Amino acid sequence: MGDDRSLSVDDPAAVHYDDEERPARELGGRVGMGVAVVAAGAGVFTLWQVFRPLAQGSQFYLIIFLAVTLPLIFIAYRSRGRSKPEPTWSDWILCGAAVVACLYPINPFGGGYDGFLDRQALLAPADVAFGAVLLILVVEAARRTTGLALPIVCIAFLAYGYYGGLLPQNWPIAHAGLDFAQIVDALYNSGSGFYGTPLDVAASYIVLFTIYGAVLDLSGASRFFVDLSVAAFRKSRSAAGRTAVAAGFLLGTVSGSGTATAVSVGAVTWPMLRRAGYPPEQAGGMLAAAGVGAILSPPTLGAAAFIVAEYLDVSYLTVLGWAMIPTLLYYLGILLAVEIDVRRFGVRAVDMPATSAWRLLSRFGYHFSSLILIVVLLAIGESATRSVVWATLLAVALSFLDRRARLTPARLFSALAAGVRGVLPVVAVCAAAGVITAITTKTGLGAQLASLLVNGAQAVTGNPRAVLALTVVLAAVALSVLGLAVPVTASFIIGWVIIGPALLGLGVGAPAAAMFVFYYSVLSEVTPPTALAAVGASAITGGRTIPTMWQALKYALPAFLAPIAFVLTDRGEYLLARGPVGGIVWTTVSAGLAVLGLAVATGGWVPGVGRAGVASRVLGAVAGLALLYLDPVAFGIGVAALVVAALLAALSGRGKGSEERPTVTGGLACDES
């Protein structure tokens, strides 16, 4: 970014990770150029669709979009981790089959697209055959991009749809059974299968935001956000940790990808963290937790946020408003953990570059313009799709203010191609999720499982409030476990069709229920043993993967209980900025104090006081739980518990005569206790 861009410690090669994907092939030569041309063409097509939608309707557009993106997956992603780096003959066969199977519904023979729609529920044998081929291809695409877990879930749902009629009919989840043609019809020729809401969101919203993110990245915005974070905290002893967290937040506003943010920030800030005395695992955990917050950070939340807006039929700006306070609470928890670790482990101050934040803002602050434009356009009623397109065009124009980052036609072509390639794993996930939603819709499984969840809670207690609390805890555990196996987007979709009805049936508002499911789907990204953000961060720091995952969980743990407040009390929706201003303010303060109490419990330190003993940590946990109940009486109990915890910590420190001084050996911080 011009001559002033000298803050970064390292200048690593660009490394791209995505929460929904396994590493893609590095394609070069004619194959790489061919993929780039097709991807860029798809990008232009999606941009054109925003202003000149196809007359045949949205499903027709989705058919074409899938016909372009699904074949690219078989070229861009390996069949196995150790297979050849270049596409094999089998990859090309699958690519061709994907083109044919996707375009079959709009072929001019057999009545064309209208004729295909007219055959709904009465598919011809050829329709069933091509639908079966597409089903196999979608499941294989999901396997290549995400691993085995999601395909196994899809196969389990297919088996349930086909064999469910053989279950004892007195079982709650039994149904009449579906034959294979009915299953293919639900997937191939309906609005709830491959071409349902998940793929619609990917093709209409997410791809536009990935193109926007690629444009911002190539225009120098990503590096500016990291440099600004470095400059803002250069005089503080906790500057290295604060920089990593702040950079994660700023980069997350344009990334929407936890793993990509963790890796990008880590590549720049890890040398500073290492010099400050952070062990690799601890630094990796911090980077992973800060990166996962990218999926919660407005104005470009993760893919699941767009699905929230579609499912609830609200504007994307509304979802952004719901996410504001939870995002602040999440990063508050991480910042408190950073400050506690600085004092517990004797983190050293490091020499930071001398460039001032104000100088950077005056020279490169224009990078915030497109982000602001999105919010302004949404606020005046513009659609999310048009808003992001106008913001993308503004970012392209502003790139010419920096001679090193000008988006010339060649670089703009690269941005379009990179944006579409970045959405490929999301396309695979969303198309595969159509299998789950279609089977759930056809069999009524969602309502039945929701009933089982509530009945299980009612078997323990008959108190309505206790039933809700137990259901919420069970739902949180289920979502956390589900997130271990499948990506965030798929985790939200499955959680919403199964857990959503249970919460709604207990009187929880739809916004609170949706954000509860969304929040826990996101937090599963820092839950061992499959925390992808921690895996990416450990690759940067060189730390051990599993300990890095546990460190990431420690940093994010204070925020894990916050979503429960959304649904447990009537005031929970205040945390989603829904309600009177006074109520929103006091519940936010209460939740912030709750995060502080939980940080004391997990970190073993009372900020501004000193080391917390067992009693202080227990009182911190009690305070956190009480304050999250968002009740005036509970608020008083929580504040009192926090005060007592601080007093005990102060008395304990005075009794020892002086503050314990940790030692730092060999660049690693060691706690003497």
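Modeller: Start with Arg144, which is buried at 3% relative accessibility. Buried means under 20% relative accessible area, exposed means over 50%, and partly exposed lies in between, with a 1.4 Å probe and protein chains only. This is a predicted model, in which local features need pLDDT of at least 70, side-chain atom pairs count only at pLDDT 80 or more, and totals for chains, interfaces and linings use all residues. Residues are numbered from 1 along each chain as its sequence is written, and side-chain values use heavy atoms, with hydrogens and water left out.

Arg144 pairs with Glu140 in a salt bridge, with 2.8 Å between the closest N and O atoms. The term needs a side-chain nitrogen of Lys or Arg within 4 Å of a carboxyl oxygen of Asp or Glu. Both partners sit in helix α5, 4 residues apart, about one turn of the helix. Helices here are DSSP runs (H or I, at least four residues), numbered from the N terminus.

Glu140 has another partner. Its side chain also meets that of Arg143 in a salt bridge, 2.8 Å from N to O. Helix α5 spans residues 125–146, and Arg143 and Glu140 lie 3 residues apart in it, about one turn. Glu140 is buried, with a relative accessible area of 18%. Arg143 is buried too, at 19%. The network takes in Asp91 as well, linked with Glu140, Arg143 and Arg144 by salt bridges.

Now the wider setting. The count comes to 8 salt bridges by this rule. One of them joins Arg571 to Asp631, with the closest N and O atoms 3.9 Å apart. Arg571 is in the loop between α25 (562–568) and α26 (581–603), and Asp631 is in the loop between α27 (614–627) and α28 (632–655), so this pair ties together parts 60 residues apart in sequence. Arg571 is partly exposed at 30%. Asp631 is also partly exposed, at 22%.

The whole structure holds 2 cavities of 30 Å³ or more. A cavity is a set of points on a 1 Å grid over the protein atoms alone, where a 1.4 Å probe fits but cannot get out; lining residues have an atom within 4 Å of a point. The second largest cavity has about 40 Å³ of space. Its lining includes Leu216, Tyr366, His367 and Ser399. By class, that lining has 4 nonpolar, 4 polar and no charged residues.

Definitions and conventions:
Helices (H or I, at least four residues) and strands (E, at least two) are DSSP runs, numbered from the N terminus. On a 1 Å grid over the protein atoms alone, a cavity is a set of points where a 1.4 Å probe fits but cannot get out, and a pocket is an open set with protein on both sides within 12 Å along at least five of seven lines; lining residues have an atom within 4 Å of a point. Grid points are joined across faces, edges and corners, and a volume is the space filled by probe spheres set on the points. Ala, Val, Leu, Ile, Met, Phe, Trp, Tyr, Cys and Pro count as nonpolar, Asp, Glu, Lys and Arg as charged, and the others, Gly among them, as polar.
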